[in-house]
Amino acid sequence: SPTYLDHDAPASLPRGPQATLDYMETFLKNNPNLSITIQDIIVQDSKAAVRLNFAGLDEFDEPAEKSANIILHLNDENQFTERWSCYEG
C-alpha cells in the first residue's frame, strides 16, 4: 500500500513501497552471492507468515547462513501494509 511500513527498516527509510524496493535493490546488489530459500508461507485472514533461509558469503568471504521469520499485514485490497521480522544465525 502507499503507506507501507517496514518495522525493521533503517530509521532513515521513508514509508512506502518504493523506499523498500530501493533498499532491497541496493542490498541485493551489495550481496551478489546471496541465495534465498523460502521454507514456508502461511496466510490467514489479513496476515502472512514467511520462514526463509539466506545463504551467501560474510564480510570475510566465508560461507554464512541466516534464517528469518517475517510477518506481513495486508489490507482489504490484499496490499502489504506492515512488515515485522526476526533473524537468527
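User: Leaving aside its neighbours within four places in sequence, with which residues is arginine 83 in contact?

Analyst: This is a predicted model, in which local features need pLDDT of at least 70 and side-chain atom pairs count only at pLDDT 80 or more, while totals for chains, interfaces and linings use all residues. Residues are numbered from 1 along each chain as its sequence is written, and side-chain values use heavy atoms, with hydrogens and water left out. Contact means heavy atoms within 4.5 Å. With those sequence neighbours set aside, the partners of arginine 83 are Tyr4, Leu5, Asp6, His7, Asp8, Ile70, Ile71 and Leu72.

User: Does arginine 83 count as buried or exposed?

Analyst: Arginine 83 lies in strand E5; strands are DSSP runs (E, at least two residues), numbered from the N terminus. Relative accessible area under 20% means buried, over 50% exposed, and in between partly exposed (1.4 Å probe, protein chains only). Because its relative accessibility is 13%, arginine 83 counts as buried.

User: Which residue's side chain makes a polar contact with the side chain of serine 85?

Analyst: Serine 85 is found in strand E5 and, at 16% relative accessibility, counts as buried. A polar contact is a pair of N or O atoms within 3.5 Å; within protein, one must be able to donate a hydrogen and the other to accept it, and residues adjacent in sequence count only if both atoms are side-chain atoms. At 3.4 Å, the side chain of serine 85 makes such a contact with that of arginine 83.

User: What is the order of the strands in the open sheet?

Analyst: Two strands pair if DSSP finds at least two bridges between them. The edge strands, each pairing on one side only, are E1 (5-6) and E2 (35-44). The sheet has five strands with mixed pairing, in the order E1-E5-E4-E3-E2.

User: How many bridges join E4 to strand E5?

Analyst: Strand E4 (residues 63-74) is also joined to strand E3 (residues 47-57), antiparallel, by 11 bridges. On the E5 side, histidine 73 stands opposite glutamate 82, and alanine 68 stands opposite tyrosine 87. E4 and E5 (residues 80-88) run antiparallel, and the number of bridges joining them is eight.

User: Which residue in the hairpin of E4 and E5 takes a positive phi?

Analyst: This hairpin has five residues between its strands. A positive phi near 60° is taken there by asparagine 78.

User: What is the angle between the planes of the aromatic pair of phenylalanine 54 and tyrosine 87?

Analyst: Rings of Phe, Tyr and Trp (its six-membered ring) pair if their centres lie within 6.5 Å; planes under 30 degrees apart count as stacked, over 60 as edge-to-face and the rest as tilted. The structure holds one aromatic pair, linking phenylalanine 54 in strand E3 to tyrosine 87 in strand E5, 33 residues apart. Phenylalanine 54 counts as buried at 15% relative accessibility, whereas tyrosine 87, at 42%, counts as partly exposed. The pair is tilted, with 6.3 Å centre to centre and an angle between the planes of 40°.

Definitions and conventions. Helices (H or I, at least four residues) and strands (E, at least two) are DSSP runs, numbered from the N terminus.
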